[in-house]
Amino acid sequence: MRDTAPNSWEARADANSLYGFTDLPSVHQRGCVVLTHGKGPYVYDTHGREYLDANSGLWNMVAGFDHPGLIAAAQEQYTKLAGYHAFFGRMSDQTVMLSEKLVEVSPFEKGRVFYTNSGSEANDTMVKILWFLHAAEGKPQRRKILTRMNAYHGVTAVSASMTGKPYNAVFGLPLPGFIHLTCPHYWRNGKPGETEAAFTQRMAAELEATIIKEGPDTIAGFFAEPVMGAGGVIPPSAGYFQAVVPILRKYGIPVIADEVITGFGRTGNTWGCQTYDFMPDAIISSKNLTAGFFPMGAVILGDALSDRVQAASEAIEEFPHGFTASGHPVGCAIALKAIDVVMNEGLAENVRTLTPLFEEGLARLAENPNIGEWRGKGLMGALEAVKDKATKTPFDGSLSVSERIANACTDAGLICRPLGQAIVLCPPFIMTPAQMDEMFGKLEKALKAVFAEVA
Ligand SMILES: *Cc1c(COP(=O)(O)O)cnc(C)c1O
């Protein structure tokens, strides 16, 4: 299967590229998949093989890989102003227009936007904004950050510290002052006999006990993905945000929704916080923001925070933060077009239309005795592989069951992602019902083949 010739794309990839988040034994055996082009939801490799990408690239290519309107928006902006920054009281017209648009489509009455190059930097920036704000308001001790186990907030030193994954221990992270609450995954973390409502109450009680133990005036903010993404597509237990948000409000702790995956339609509404009916103080956006056509992130500050941060900046004459490419005009032009495409060209609508089909497909595959549960919201879903369905016992980690399923899918021309022992699906918003059938058909065959080997 692997092309081992020294001048092959696979060998050249190995020789000079450091792979991120890649199972190296698997890539050594199978070789890297080197892609050359894309069409709709499909990508093509150097051997001419076609893959249906059921993960929208990395959750972000929601309009497919060759959307003509997005390509044209990029080309047009490159001919006008190919790059600029947003320092020293200058910014591009595209940046002004995108900020207006983001505030308009946000759940906030008014607000202000700060741009980064990625979701990690947007979370990092938000933490710095909170530290800056609390210090300016005479509460410099408010520095601790609350997140949840299994949360994924990125890879910079701060956003990796917010991430609730054990793999960050190899970097000596998290930094001190980053506190991880229990992951509100009822199926996995509920106690025997505990109802979902009681579980949610336990999560809320843990939050309040943690706040009191740490000292309410030492906490800078609480960050949460409305649906955890890279933690394995984990929707919160029923009533979770209704239970925790009032507690955070009671102690004056800002609530930040990390909507890097859930933003712009993924869960069926523009924002995940709308799907789960809670109002954050700020929103973190990236990934879908440019439909994956440009690296860009945004911090969208809501009504109150926006005014407070502006006042704190006025008091010291500037907000001393920014990236060279913050508010890049091409990125902003693409984001403006991406928002228009998703909201006005039927993509958001297609998410709502496809969701029942998607849920049906997941539920059907979850009838397999080695699938413990299916879960998801809108067009993000997961199937959790288990050795024993009744006891929810996972497979031995050394069997690499989810990796084997994903590899079997790749061989069949379907890209999906192993996450822990789950298989994650996050199809692009342009998917057709026929492509959804293709996705579930290929995945079903792969599941059967791998479970026959290991079960
Ligand atoms: C991907 C992701 C990030 C990090 O974004 P990068 O652009 O990879 O830095 C942060 N938060 C969530 C919820 C994400 O899914």
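Which polar side-chain atom lies 2.7 Å from an oxygen atom of the ligand? In this predicted model, the atom belongs to Lys 287. Taken alone, the ligand exposes 380 Å², of which the protein buries 85% (accessible areas from the Shrake-Rupley method with a 1.4 Å probe; for residues, only the protein chains shown count as cover).

Local features require pLDDT of at least 70 and side-chain atom pairs count only at pLDDT 80 or more, whereas totals for chains, interfaces and linings use all residues. Residues are numbered from 1 along each chain as its sequence is written, and side-chain values use heavy atoms, with hydrogens and water left out.

An N or O atom in the side chain of Asp 258 is 2.8 Å from a nitrogen atom of the ligand, and a backbone N or O atom of Tyr 152 lies 3.4 Å from a ligand nitrogen atom. The residues surrounding the ligand include Ser 118, Asn 123, His 153, Glu 225 and Ile 261 (a residue is near if one of its heavy atoms lies within 4 Å). This shell comprises three nonpolar, six polar and three charged residues (nonpolar: Ala, Val, Leu, Ile, Met, Phe, Trp, Tyr, Cys and Pro; charged: Asp, Glu, Lys and Arg; polar: the others, Gly among them). Helix H6 (residues 119-136) supplies its largest share, three residues (helices, H or I, at least four residues, and strands, E, at least two, are DSSP runs numbered from the N terminus).

The second largest pocket has a volume of about 840 Å³ (on a 1 Å grid over the protein atoms alone, an open set of points for a 1.4 Å probe with protein on both sides within 12 Å along at least five of seven lines; lining residues have an atom within 4 Å of a point; the volume is the space filled by probe spheres set on the points, which are joined across faces, edges and corners). Of its 29 lining residues, Ala 86, Met 91, Phe 114, Phe 319 and His 321 are the closest to the centre. Helix H5 (93-105), strand S4 (112-116) and helix H12 (303-316) each give two or more residues to this lining, with the largest share, five residues, from H12. By class, the lining contains 13 nonpolar, ten polar and six charged residues.

How values were computed. A polar contact is a pair of N or O atoms within 3.5 Å; within protein, one must be able to donate a hydrogen and the other to accept it, and residues adjacent in sequence count only if both atoms are side-chain atoms.
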